[in-house]
Amino acid sequence: MAIRKLRYIGDEVLDKPCKPVKKMTPSLKVLIDDMFETMYDANGVGLAAPQVGILRRICVIDVMDDDPFVLINPEVIESSGEQTADEGCLSVPGKCASVTRPYYVKVRSLDRDMNPVIIEGEGLRARCILHEMDHLDGILYGKRANEPYRDVEQEEDQEEWEE
Ligand code: NI
């Protein structure tokens, strides 16, 4: 496993839609492992493939609920409710902004062996799933935010999370 180089806002790879994964390959499995390692190294709770420069519909998520998972070609099949909270992104360092998203989401996806799975989440888990899935369509959270990006304040650091 290896830590991959993160891409930052302004890098055009973050603005492009990703292609679906048609077939699992050894190099995509390495990519998934590397994405987890890169996310943990950066203290993130989620990471999407374009954030390491790969335009594939893959993201990894670990919101510290003892259920880390990968999403491959995910599709939202149900969502409900609403939540508003600050988000951050490993590709937009030092910034945050308030974003309103559904409170609950149900997603159809593939796991790392390309088996179909249904993943559900509420609260932070739902927010993270939707944030990462936006990356697969070339959308940074600033586009969905209720306000411009603002600097993360030092005292907020403990509550801050990034994907
Ligand atoms: Ni992000």
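1. Is cysteine 128 buried or exposed? Cysteine 128 counts as buried, because its relative accessibility is 0%. Buried means under 20% relative accessible area, exposed means over 50%, and partly exposed is in between (1.4 Å probe, protein chains only).

2. A word on the source. This is a predicted model, in which local features need pLDDT of at least 70, side-chain atom pairs count only at pLDDT 80 or more, and totals for chains, interfaces and linings use all residues. Residues are numbered from 1 along each chain as its sequence is written, and side-chain values use heavy atoms, with hydrogens and water left out.

3. Now the cysteines. A disulfide is a pair of cysteine sulfur atoms within 2.5 Å. The count by this rule is zero. For cysteine 128, the closest cysteine sulfur belongs to cysteine 59, 8.3 Å away, and that is too far for a bond. Cysteine 96 is buried, with a relative accessible area of 0%.

4. Next, serine 91. Serine 91 sits in the loop between β4 (83-89) and β5 (92-101). Helices (H or I, at least four residues) and strands (E, at least two) are DSSP runs, numbered from the N terminus. Why does serine 91 count as buried? Because its relative accessibility is 0%. Its side chain makes a polar contact of 2.9 Å with the side chain of glutamine 51. A polar contact is a pair of N or O atoms within 3.5 Å; within protein, one must be able to donate a hydrogen and the other to accept it, and residues adjacent in sequence count only if both atoms are side-chain atoms. A polar atom of the serine 91 side chain also lies 2.8 Å from the backbone oxygen of arginine 7.

5. How many salt bridges does the whole structure hold? The search finds 16. A salt bridge is a side-chain nitrogen of Lys or Arg within 4 Å of a carboxyl oxygen of Asp or Glu. One of them joins glutamate 12 and lysine 16, with the closest N and O atoms 3.6 Å apart. Glutamate 12 is exposed at 54%, while lysine 16 is partly exposed at 35%.

6. Some salt bridges span the chain. Lysine 106 pairs with glutamate 78, the closest N and O atoms being 3.7 Å apart. Lysine 106 lies in strand β6 (residues 104-110) and glutamate 78 in strand β3 (residues 69-80), so the pair ties together parts 28 residues apart in sequence. Aspartate 86 and arginine 150 meet at 2.7 Å, N to O. This pair links distant parts of the chain, with aspartate 86 in strand β4 and arginine 150 in strand β8 (residues 150-151), 64 residues apart.

7. One group goes beyond a pair. Glu87, Arg101, Arg127, Asp134 and Arg144 are linked in a network of salt bridges.

8. Last, the rings. Rings of Phe, Tyr and Trp (its six-membered ring) pair if their centres lie within 6.5 Å; planes under 30 degrees apart count as stacked, over 60 as edge-to-face and the rest as tilted. The count is two aromatic pairs. Phenylalanine 36 and tyrosine 40 are stacked, 6.1 Å centre to centre with 25° between the planes. Both lie in helix α1 (residues 26-41), four residues apart, about one turn of the helix. Tyrosine 141 and tyrosine 149 are edge-to-face, at 5.1 Å and 75°. Tyrosine 141 is buried at 1%, whereas tyrosine 149 is partly exposed at 28%.
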